[in-house]
Amino acid sequence: MGSNLPKQFILLRDKPVLYYTVKAFLETFDDLQIILVLPVDYTDMGQEIIDAYFDKDRIRITAGGDSRFQSVKNGLALVENESIIFVHDGVRCMVSKELILRCYDKAIEMGTAIPAIISKDSIRLLNEEGNEAYDRNKVMLIQTPQTFHSKILLPAFQIDYKDKFTDEATVVEAYGMKVTLVEGEEDNVKITRPIDLLIAESLIMGQGA
């Protein structure tokens, strides 16, 4: 992004990216509690955002770790009741209420719900000979919120860390459970490059927000 500031704090239409992410979840469920996992040096900044825009009684902050696995584990340590847990990227600020509810319904039914979309690009796999074409219709691009029943996710995160753990689904699979895919959304963009900010701004303007 060309900035030392973590992407969730970059301004998008005069509000931090994180504001839109938190708002989406709080407006979807009246009884939802958020555990906000932030870089240790930015917890105060996160608290300022909460104080400025949200009901602070519904949000708790904890510091992240050296990896996504450890950061999620730190957040899960604050889960006190049996529940459905959404693990979401703070920079996926355009997540919709419909997607959140779709993940919730599938997690209630199956115990897991991983949003995914089919790749629109051609795919090639690297191999010892070089590379080869692969059917893109068999490739799914994974998004968040990755959603689980707490009885699955909490014990899964007690296993030892492995380098292959790139998201929560890989942890749950290593624990011995299958995961269920649900239809993701093209608009559920992850803010990683300057152009993603422009896309998100255009989507917000299209919503009249």
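In which loop does Arg-13 lie? Arg-13 is found in the loop between E1 and strand E2 (15–16), where helices (H or I, at least four residues) and strands (E, at least two) are DSSP runs numbered from the N terminus. The model is a predicted one, in which local features need pLDDT of at least 70 and side-chain atom pairs count only at pLDDT 80 or more, while totals for chains, interfaces and linings use all residues. Residues are numbered from 1 along each chain as its sequence is written, and side-chain values use heavy atoms, with hydrogens and water left out.

The backbone of this loop deserves attention. Most residues other than glycine have a negative phi, and most peptide bonds are trans. Phi of Arg-13, however, is near 50°, a positive value in a residue other than glycine. Asp-14 lies in the loop between E1 and E2 as well, and Asp-14 has a positive phi of about 70° although it is not a glycine. Arg-13 is partly exposed, with a relative accessible area of 36%, whereas Asp-14 is exposed at 68%; buried means under 20% relative accessible area, exposed over 50% and partly exposed in between, with a 1.4 Å probe and protein chains only. A further backbone feature is the cis peptide bond from Thr-144 to Pro-145, with omega near 15°. Pro-145 belongs to the loop between strand E9 (140–142) and strand E10 (146–149).

The aromatic side chains come next. A pair of aromatic rings is described by the distance of the centres and the angle of the planes. Rings of Phe, Tyr and Trp (its six-membered ring) pair if their centres lie within 6.5 Å; planes under 30 degrees apart count as stacked, over 60 as edge-to-face and the rest as tilted. The structure holds 12 aromatic pairs. One of these joins Phe-9 and Tyr-42, which are stacked at 5.6 Å centre to centre with 25° between the planes. This pair links distant parts of the chain, 33 residues apart: Phe-9 is in the segment before strand E1 (11–12), and Tyr-42 is in the loop between strand E3 (34–38) and helix H2 (43–53). Phe-9 counts as buried because its relative accessibility is 5%, while Tyr-42 is partly exposed at 23%.

Tyr-19 and Tyr-20 form an edge-to-face pair, with 5.0 Å between the centres and 80° between the planes. Tyr-19 is buried, with a relative accessible area of 12%, and Tyr-20 is buried at 13%. Ring pairs link Tyr-19, Tyr-20, Tyr-53 and Phe-54 into a cluster. Lys-15 lies over the face of Tyr-19, at 5.5 Å from the ring centre; a charge sits over a ring if NZ of Lys or CZ of Arg is within 6 Å of the ring centre and within 35 degrees of the ring normal.

Gly-46, Ile-49 and Ile-50 are buried in H2. They cover an arc of only 100° around the axis, which puts them on the same side of H2, the arc being that of the directions from the helix axis to the C-beta atoms. On the other side of H2, Asp-44, Glu-48 and Ala-52 are exposed.

Gly-46, Ile-49 and Ile-50 also line the largest cavity, together with Leu-18, Tyr-19, Val-22, Leu-36 and Phe-54. On a 1 Å grid over the protein atoms alone, a cavity is a set of points where a 1.4 Å probe fits but cannot get out, and a pocket is an open set with protein on both sides within 12 Å along at least five of seven lines; lining residues have an atom within 4 Å of a point. Grid points are joined across faces, edges and corners, and a volume is the space filled by probe spheres set on the points. The largest cavity holds about 30 Å³ of space, and H1 and H2 each supply at least two residues of its lining.

The largest pocket has a volume of about 1500 Å³. Of the 44 residues that line this pocket, Ile-35, Leu-36, Phe-86, Val-87 and His-88 lie nearest its centre. Helix H1 (17–28), E3, helix H3 (68–76) and strand E5 (84–87) are the elements that give two or more residues to the lining of the largest pocket.
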